[in-house]
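The exercises below concern the model shown here. Work through each task with the coordinates at hand before reading its solution.

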Amino acid sequence: MKVFALLCSGIAIASAASADGVTAVTMPVTPAAAPAPASADWGGFYLGGSYVFGRDSVDDFQNGGFVGGPFIFEGSSIGGFAGYNIQRGNFVLGGEVAYTAGPTTLEVDGDTYSDFFDLKGRIGYAMNRVMVYGVVGWSTATRNETTTATATSGSGFSYGAGVDVLVTDRIFVGAEYLVRQLNGDYDQFYYSGYAFENASRAISLRAGFSF
């Protein structure tokens, strides 16, 4: 009976304390983590302009035998580009066509390379507003001979890499490094059996607008 009386007294004291405004202790609730921000949209059409620094290293051959080189052409010029991207998660696939006016110039006699056309396939990885990408494609250019007043076409495989950065939702800036392997035959009237192999390298500073 004494034990039962003590329990009843304890219950009564606890009830009185609750009635007097004693606050019960509660466990803290951890807030839910905020959702990650959505990645920027890189999909759709885009176009822009570029400022290009070029360097061409050319070797000459006659009937398959090495004649001379490398002959170094250098210069800077402007260009333009347009393309289309498809985005799947962080991966961006696309195609682009680009033109660089040239010329790069051989200082010895003034021969030039000009009219670079590049057809590119691109695969990129987007990290929100920054996208890094690789390039493979096909390129052409024109070599202009000052001594004979003739023009020779070169073409071949190209590859490179670049990075684009969105400064607004639609405007981006970037840089690209492109290597072109341009091979061709000289004018046969002046240079019978002559051909050339050109390792063309270009660094482009780019700015564009996406739709």
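**Exercise 1. Describe the surface and the overall make-up of the chain.**

Solution. The accessible surface of the chain comes to about 12200 Å², and 67% of it belongs to carbon and sulfur atoms; such areas come from the Shrake-Rupley method with a 1.4 Å probe, and for residues only the protein chains shown count as cover. This is a predicted model, in which local features need pLDDT of at least 70 and side-chain atom pairs count only at pLDDT 80 or more, while totals for chains, interfaces and linings use all residues. Residues are numbered from 1 along each chain as its sequence is written, and side-chain values use heavy atoms, with hydrogens and water left out.

Next, take the secondary structure, where helices (H or I, at least four residues) and strands (E, at least two) are DSSP runs numbered from the N terminus. Of the 211 residues in the chain, 35% are buried, buried meaning under 20% relative accessible area, exposed over 50% and partly exposed in between (1.4 Å probe, protein chains only). Finally, among contacts (heavy atoms within 4.5 Å) with a separation of 6 or more, 61% are between residues 24 or more positions apart.

**Exercise 2. Which residues are linked with Glu96 in a network of salt bridges, and where do the partners lie in the chain?**

Solution. Start from the criterion: a salt bridge is a side-chain nitrogen of Lys or Arg within 4 Å of a carboxyl oxygen of Asp or Glu. A search of the whole structure with this criterion finds twelve salt bridges.

One of them joins Glu96 to Lys120, with the closest N and O atoms 3.2 Å apart; Glu96 is in strand 3 (residues 91-100) and Lys120 in strand 5 (residues 112-127), 24 residues apart. Both Glu96 and Lys120 are buried.

A further pair is Asp164 with Arg122, at 3.8 Å between the closest N and O atoms. Asp164 lies in strand 7 (residues 150-166) and Arg122 in strand 5, so this bridge ties together parts 42 residues apart in sequence. Asp164 has a relative accessible area of 2% and is therefore buried, and Arg122, at 6%, also counts as buried.

Then consider Glu176 and Arg206, whose closest N and O atoms are 3.8 Å apart in a salt bridge. Since Glu176 lies in strand 8 (residues 171-185) and Arg206 in strand 9 (residues 194-210), the pair ties together parts 30 residues apart in sequence. Glu176 is buried at 4% relative accessible area, as is Arg206 at 5%.

To conclude, Glu96 is linked with Lys120, Arg122, Asp164, Glu176 and Arg206 in a network of salt bridges.
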